[in-house]
Amino acid sequence: MNFDMKLYDSSVKHIKGNEENLIEMNREINILKQEEFGFQVLINSDKDYFCQLGKTNDIHWKGLGNKIRLELDIDKNLRKHFKMNFLGYVKDDMKNLVADPILDKNLLYIEKNYQMIWIEGKIPENYGKETIKLKVQAFYSEGYDREKMIAEKELEIKVIDYTLRPIKQGEFFLDLWQHLCNWARVYDVEYFSDEHFEVIDNYIKDLGNLGQRVIDLVVTDYSWAGQRCFEVDENFSNLFEMNIVKVFKDKEGKIKCDFSFLDRYIDICFKHGIKQEINLFGLIGNWDAFLFGNPIKEHKDALRVIYYDENDGCFDYIKNKEELKAYLSLLFNHLVHNGLWEKVQIMSDEPDNAQIFKECSDFIQSAIPEYKIKYKCAIHHQEFFDKHGDNIQSLSLNTCEFVNNIDSIEKLKKEINKRGGVLTWYSCCFPEKLNIFLKSPLIESRLKGWFTYYFDVDGFLRWAYGIWPGNVFEDASYKYPRWNAGDMFFVYPGKNLKPMHSVRYKNFLFGIQDFNIFKEIEKKGISKDEILDQMKNLLGNKEEMRALPERKVKMEYSLDYKKYNDLRNELVQKYLV
């Protein structure tokens, strides 16, 4: 049996059949204490075999046959801090098999071909040695034969004697939107049941560990009109979101609310450290809102609120502004009563009509005149903020709009921060450059952290942390070419009711760590301009960045992982150690 094994850095993307251009990694890496890091092992054989990871021993249904076992030879005090996982392969829009999900399994039957393994680790704060020798060993056995080592690769880890704080304690403002009803559907549990909240708790814990800052509350029905999922027959998925508030009309005909689900969700978020902001979705300026109709004919924005009528036992929609105002008043006052109002912002997703926004925001304000309502907008066109920015506390600009206004970003950030808000940037289904699609270079997921620092903004927003097409593990393509595979998710739905990470997620996490490292360097008294000057050669001159027609951008940045890694290590060694 011919067997081969090679090591690659975390930014290498494996596409089945495209192995010839992969560049092996440097066998020496520099890692801070408490820093999460990863690398990859590509194995290949000319025969089918059963592969196991770690000190496990099992048998495949086909029997004994050829068996390969991979093991990490490392200091025994570090073993619990390292783990190996197989990468799964999903189809992208071109039907390429792309390594992306980090599978929750250590046993796999592999037909003769290439298979990528993900290895991750963390050096504990109390570890005393300066160098770690890590060996990846492959053992082979057939039938009842004794195992024998057939391959070994060594990696030297230089331990930097500086402890990196947990991501959630850093300054990076992470805003990944949550889609609770999609999570319920993928696990086939009832909305906001105990089973659903178990799923929610798992996913929110993961978001908290990633440094999420924002609680998302969808407080109307069918916000975003289900992303037009009703138009998609291939790999279809139900993407509608439902109101987290139970609304009903009592026997006297008054609108009443049950906020128990909303409160329970907020408590879970607080438990996992997500407590800086509360964003209310579905109240104003959601894109594509009118396509799905508007039951409140006298209201110029499309809002849908389902209620249960206790008089006749029927469901209906709020259909007049008086009842809508009553609902909003109950919602807002509940948040005031619970001491949460200072954290609340009403989220508007890509509003495009300043006049309608003004009229509707005035109406929403009338539901709670004694408290000022704050808004947050994700926009494609900055002129919307210029025309109607008085009540907008926080702002997120699409990549195209961001580079189109690169000269005014510093002034804009000062204004937003002065209002107590944050300025972030985001990518969505466009542009193709600097995105997180399956087809995007993996380094671009990591560069989210670098560009956030380079742009000197507060953080990054993404419209989806985890929503999925119908059969995501088989085919990640959905609504192509309008959407690209991977646009909808950083994580996959694990069978254990927990999110399954992807290599894109991990590289994104590494980029946030890099951002926090640069901030730590600033605290040592180093000028930010000095750091930015050294980044310019890799990330490009801001003055030369600009938006192009057809939702494209001109940005000339390097995709060379080694160059970024070398610069980061140079900055760390020069200023932190």
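1. Helix α9 (residues 442-455) and helix α12 (residues 561-576) have axes that come within 11 Å and cross at roughly 30°, the axes being lines fitted to C-alpha atoms over the stretch in contact, with angles running from 0 to 180 degrees between N-to-C directions. The two helices α9 and α12 are therefore roughly parallel to each other, a term that covers angles under 35 degrees. Helices (H or I, at least four residues) and strands (E, at least two) are DSSP runs numbered from the N terminus.

2. This is a predicted model, in which local features need pLDDT of at least 70 and side-chain atom pairs count only at pLDDT 80 or more, while totals for chains, interfaces and linings use all residues. Residues are numbered from 1 along each chain as its sequence is written, and side-chain values use heavy atoms, with hydrogens and water left out.

3. On the α9 side, Ile443, Arg446, Leu447 and Trp450 meet Tyr561, Tyr564, Leu567 and Arg568 of α12, where contact means heavy atoms within 4.5 Å. The residues of this contact divide into 6 nonpolar, no polar and 2 charged, with Ala, Val, Leu, Ile, Met, Phe, Trp, Tyr, Cys and Pro counted as nonpolar, Asp, Glu, Lys and Arg as charged, and the others, Gly among them, as polar. Helix α12 also lies across β2 and β11, running at about 50° to β2.

4. An open sheet of 6 strands has the order β2-β11-β10-β5-β4-β8 and mixed pairing, two strands being paired if DSSP finds at least two bridges between them. Because β2 (28-33) and β8 stand at the edges with a single partner strand each, one side of each is left without a neighbour in the sheet. Neighbouring strands of this sheet are turned by 25° against each other on average, direction ignored.

5. Edge strand β8 pairs with β4 (residues 49-53) in the antiparallel sense over 4 bridges, and Cys51 stands opposite Leu108 in β8.

6. Two backbone details deserve a check. A cis peptide bond with omega of about -10° joins Phe430 and Pro431, and Pro431 is placed in the loop between β22 (423-426) and α9. Gln34, although not a glycine, has a positive phi of about 70°; Gln34 is partly exposed, with a relative accessible area of 28%.

Definitions and conventions
Parallel < 35°, antiparallel > 145°, perpendicular 65-115°, else oblique. Buried < 20%, exposed > 50% of the residue type's maximum accessible area, 1.4 Å probe, protein only.
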